Amino acid sequence: MWLLKWKNKFHAKSQSFRKERRVLYKLMTQLYKMKYLFLILVLLTSFSCKKKEVEVISDKNIVKTETLAQKSTILEPAKSIETSDEFFFPKDSVFIGNILYPGEYHKEEIDLNLKKQNWIGLFQNNLGYYLKKTKIDISFVNDAVVDEENEKTGRNIIVSEKKDSCHYIFSKIDNLKEGKVKIIQPHSDTKPLTIHPTKPYKFNLNGVDYELFSTAKTFEKFSKENYFFDATQYRLYIKNLKTGNQQLLSAQSNFDDKMIEILFIGDFDGDNLPDFIIDNSRHYNSFAPTFYLSSYAIKNEMVKIVAIHDSVGC
């Protein structure tokens, strides 16, 4: 799995550094959990300054104008979706379902009771993508970040279906049924899909045109090679180009060598409307797949978040 490779590249091979890694991992986990407190402090500071222009970022590739800031406030999400005053969305909440990827996790990231739930997986073969019910097993493995050589505190998610590749598994989401899935945009390790404020992404599903677009107060100039461009007060939207309806999907105040990434666009629930799996993490060492389904949307919404899972690498 590409995600397993992603985590393994951070693992040190030398046993002499295991204790140092354990201390570093605990510190990084605490800092990651404190991200919301940090963003609130940033917000309070910005209100006290009351500056008209955006703060200059010392990089020649950064775009900064007062016009861009004004434009970013015009494009508001549907009224039923909470606006993100602190510039992070989605906020912590309880969602109806679960989303996981097969692979290794840290101990605190996986509840062993998840094994008892009914799961359905997103699989891929030569004919395309499909949903199929599957059972999972949770084995104990050595966590190379925090474990001693003879310890096994890590968790490994294994699906019972071995024939085809499994990208994600879902539970407690009743609108997902077994069968083929129409995928418009699959994940790519080599060319991840991120939405630059100057480069919206358009796609068509069942004869209807849609657009993913973003706004930001400051951002790096567009480059085909720079998928994880830097930006501040970034917001990602989905828009129906036929009706004009639009909705906020994600927002972050800043990034650390990372960018919100569109993992999958498709029709997962069979209602002929677009659904999404989006990585909403802001840090290069974290991963937050978020599942958006159209069949759970209420009035003025296009999609509803049904599941999120946060994990970190080393």
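A polar contact here is a pair of N or O atoms within 3.5 Å; within protein, one atom must be able to donate a hydrogen and the other to accept it, and residues adjacent in sequence count only if both atoms are side-chain atoms. By that rule, the side chains of Asp279 and Ser281 are joined at 2.8 Å.

This is a predicted model, so to speak for its features: local ones need pLDDT of at least 70, side-chain atom pairs count only at pLDDT 80 or more, and totals for chains, interfaces and linings use all residues. Residues are numbered from 1 along each chain as its sequence is written, and side-chain values use heavy atoms, with hydrogens and water left out.

**The chain overall**

- The protein chain has four helices and 21 strands; helices (H or I, at least four residues) and strands (E, at least two) are DSSP runs, numbered from the N terminus.
- Of its 314 residues, 48% count as buried, where buried means under 20% relative accessible area, exposed over 50%, and partly exposed in between (1.4 Å probe, protein chains only).
- Take the contacts (heavy atoms within 4.5 Å) with a separation of 6 or more: residues 24 or more positions apart account for 64% of them in the protein chain.

**Salt bridges**

- The structure holds three salt bridges, each being a side-chain nitrogen of Lys or Arg within 4 Å of a carboxyl oxygen of Asp or Glu.
- Lys115 and Asp137 make one of them, at 3.0 Å from N to O. Lys115 lies in the loop between β3 (103–105) and β4 (119–125) and Asp137 in strand β6 (residues 136–141), so this pair ties together parts that are 22 residues apart in sequence.
- Both partners there are partly exposed: Lys115 has 44% relative accessibility, and Asp137 has 32%.
- Lys258 and Asp279 form another, with their closest N and O atoms 2.8 Å apart. Since Lys258 lies in the loop between β15 (246–252) and β16 and Asp279 in strand β17 (residues 275–279), the pair ties together parts that are 21 residues apart in sequence.
- Lys258 counts as buried at 8% relative accessibility, and Asp279 counts as buried at 2%.
- Lys304 and Glu301 meet in a salt bridge too, at 3.2 Å from N to O. Lys304 is partly exposed at 27% relative accessibility, whereas Glu301 is buried at 10%.

- Not counting residues up to four places away in sequence, Asp279 touches Lys258, Ile260, Glu261, Leu263, Phe287, Ala288 and Pro289.
- His283 is in the loop between β17 and β18 (286–287) and is buried, with a relative accessible area of 17%.
- The side chain of His283 makes a polar contact of 3.3 Å with the side chain of Asp256. Leaving aside neighbours within four places in sequence, His283 is in contact with Asp256 and Lys258.
- His283 and Met259 are 24 residues apart in sequence, with their C-alpha atoms 8.0 Å apart in space.

**Arg155, a buried charge**

- Arg155 sits in strand β7 (residues 154–159).
- Arg155 is buried yet has no salt bridge; the nearest side chain of opposite charge belongs to Asp147, 7.6 Å away. For charge, Lys and Arg count as positive and Asp and Glu as negative, while His and the chain ends are not counted.
- The side chain of Arg155 does reach the backbone oxygen of Thr153, at 2.8 Å.
- Beyond four places in sequence, the contacts of Arg155 include Glu104, Tyr105, His106, Ile138 and Phe140.

**Aromatic rings**

- There are 13 aromatic pairs; rings of Phe, Tyr and Trp (its six-membered ring) pair if their centres lie within 6.5 Å, with planes under 30 degrees apart counting as stacked, over 60 as edge-to-face and the rest as tilted.
- Tyr129 and Phe264 have ring centres 5.8 Å apart and planes at 80°, so they are edge-to-face. Tyr129 lies in strand β5 (residues 128–134) and Phe264 in strand β16 (residues 261–267), so the pair ties together parts that are 135 residues apart in sequence.
- Tyr129 counts as buried at 15% relative accessibility, and Phe264 counts as buried at 1%.
- Tyr201, Phe203, Tyr210 and Phe276 form one aromatic cluster.
- Lys199 lies over the face of Phe222, at 5.2 Å from the ring centre; the rule asks for NZ of Lys or CZ of Arg within 6 Å of the ring centre and within 35 degrees of the ring normal.
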